Amino acid sequence: MKKISSYIAVLLCAGITASCCFLNTPSVVHAENAGNFAETNETGQTEPSGCATETASAVPGGETAPETTVTTLPTGETTTVKDEPTTRKDEPTTVKPEEPTTKHEEPTTAPVKDLPKGDTDEDGKVTVNDARKLLRVAVKIDKLPAVKLELWDIKKDGVIDVNDARAAIRVAVGLPIDYVRPETPVTPTQKEFAAELAGKVRNDNLSSFMKTLCNEIGTRYVGSKTEPAARQKIISKLESYGYKPKTQSFFVGNRRLYAENVVVTIPTKKSNPDIFLFCTHYDCSHLSVGAIDNGSGVSALLELARILKQTKTDYGCEIRLAFFSGEENGYYGAYKYYYSLSGNEADRHKIFFNIDMAGHPKGGKNYLCVSTEPVTETYSAVKKQAFDNIGSNAVKKAVEYTGSCGANGFYSPVAAGKHDIVPFRKAGRPSLTLSWREIDSVCGAGNDHSLTSPSIIHTKDDNLSNFDMDSLHKTTRLIVSSCAVLIYRYSN
């Protein structure tokens, strides 16, 4: 019976072993039991040794189930050993990467709401680099980040465009986000500048001051009680325009009559600048109220003063406006002014532009003249110099711009009587007088074209009733335009 049981055990072991080989699953046999597994007899048959071993079969899924080895001991007892699972050879082995020894810490940034607009890299400030990033996104070189749109959208319009990049640049250089650069002013041409200033002449200003001088004050000869009143009116008017008038006192004639000049200046920031003097005289003959000679010149120069002061603060040259007294007595005010100049000041005067009789009588044939008097030079020499006179050339250009001014003729330059330019001409300085003239072969003998002063001056007929106010309006525009032409080349 025992022999039959042994054969059955051998058969069972052989069957299990064959099954393992068929499934290509290795059987696990412990080394200490290998010698007891089977013995071969002389006939080639396998004889059971003292014990038998059973092994668990494979399970689907690529891994074998944990193998259980059952060993039958010679005493008939059994023992069970549980083995670890094995991995199939055809499955790759996954190696888990090692954890880094130190973890990377995320940078700490301020909340989006606390960061400035345009701070694309969230470093707490907007720089040109932020503007570059915005521009790259705007032109679709880079893609817009999916988050934090509120940092990138500086203009708050829901899109990232070139305007955001521009705004970022403004912030980077310290300008407001919505800063708009002012347009660069276009420099007008000489003609446009002359037209601009001439267009500011107000006829009511001219008419009003003519009435003040001729009707309210009346005659203004040196030594009269009304001459200081006229001077004070001029000072008050200049102060109302923003000037700070200065006076030059002197005495006239053997009687030593007291008189004063009134001078104002429009300065420039340039050092040792060129100087342009525009002058007139406010005194008159004791026989008239001086409408033509020279209330018209005073009114024109006051209007020029107003326009210059209200148009610009710096013309690139120094402009002086002088109101002389003592002209009717022999150019005393003009001499006082000239001899008060230092050598440097006199040299810097580019022109002495005198205004005398800036209007003419009603009716008659009247001619506008630019007079440059010969004093010490020969007539031919002064004539040549006169044509090179920047003042006379400026007046000719202004006549071209403004028209004929209603004159029957325009003469420039000519020798047509002496005026307050005499002291300057004696010193060889460029100067001119702008005035209205008549042609009279007797009174104008020796002058170019027989030009002479209007016949009614220095008489009681020189009053507003006989004065052509329209001629003053047109002449003042010409004077202002001439001034603009003169200073244009120095202010641009």
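Contact here means heavy atoms within 4.5 Å. The model is a predicted one.

**Stop 1: a strand residue.** Select Thr 452, which sits in strand β14 (residues 451-452). Thr 452 is buried, its relative accessible area being 12%, where the cut-off for buried is under 20%. Now show its surroundings: leaving aside residues up to four places away in sequence, Thr 452 touches Arg 437, Glu 438, Asp 440, Cys 443 and Gly 444.

Stop 2: Select helix α5, residues 190-198, and colour Phe 193, Ala 194, Leu 197 and Ala 198, which are buried. Turn the view to look down the axis of α5: the buried residues fall within an arc of 130°, so they line one face of the helix. An α-helix has 3.6 residues a turn, so residues three or four places apart point the same way.

**Stop 3: a helix pair.** Select helix α6 (residues 203-217) together with helix α7 (residues 226-240). How far apart are their axes, and at what angle do the helices pack? The axes are 11 Å apart and the angle is about 160°. That angle is over 145 degrees, and α6 and α7 are therefore roughly antiparallel to each other. Their crossing is right-handed.

Next, show side chains at the contact. From α6, pick Phe 209, Thr 212, Leu 213, Glu 216 and Ile 217; from α7, pick Thr 226, Ala 229, Ala 230, Lys 233, Ile 234 and Lys 237. Coloured by class, the residues of this contact come out as six nonpolar, two polar and three charged.

Notes
Residues numbered from 1 in each chain as written. Predicted model: local features only at pLDDT ≥ 70, side-chain atom pairs only at ≥ 80, totals over all residues. Heavy atoms only, no water. Buried < 20%, exposed > 50% of the residue type's maximum accessible area, 1.4 Å probe, protein only. Helix = DSSP H or I, 4+ residues; strand = E, 2+ residues; numbered from the N terminus. Arc of directions from axis to C-beta. Axes fitted to C-alpha atoms, helices over the stretch in contact; angles between N-to-C directions. Parallel < 35°, antiparallel > 145°, perpendicular 65-115°, else oblique. Left-handed = near helix turned anticlockwise from the far one by under 90°. Nonpolar A, V, L, I, M, F, W, Y, C, P; charged D, E, K, R; others polar.
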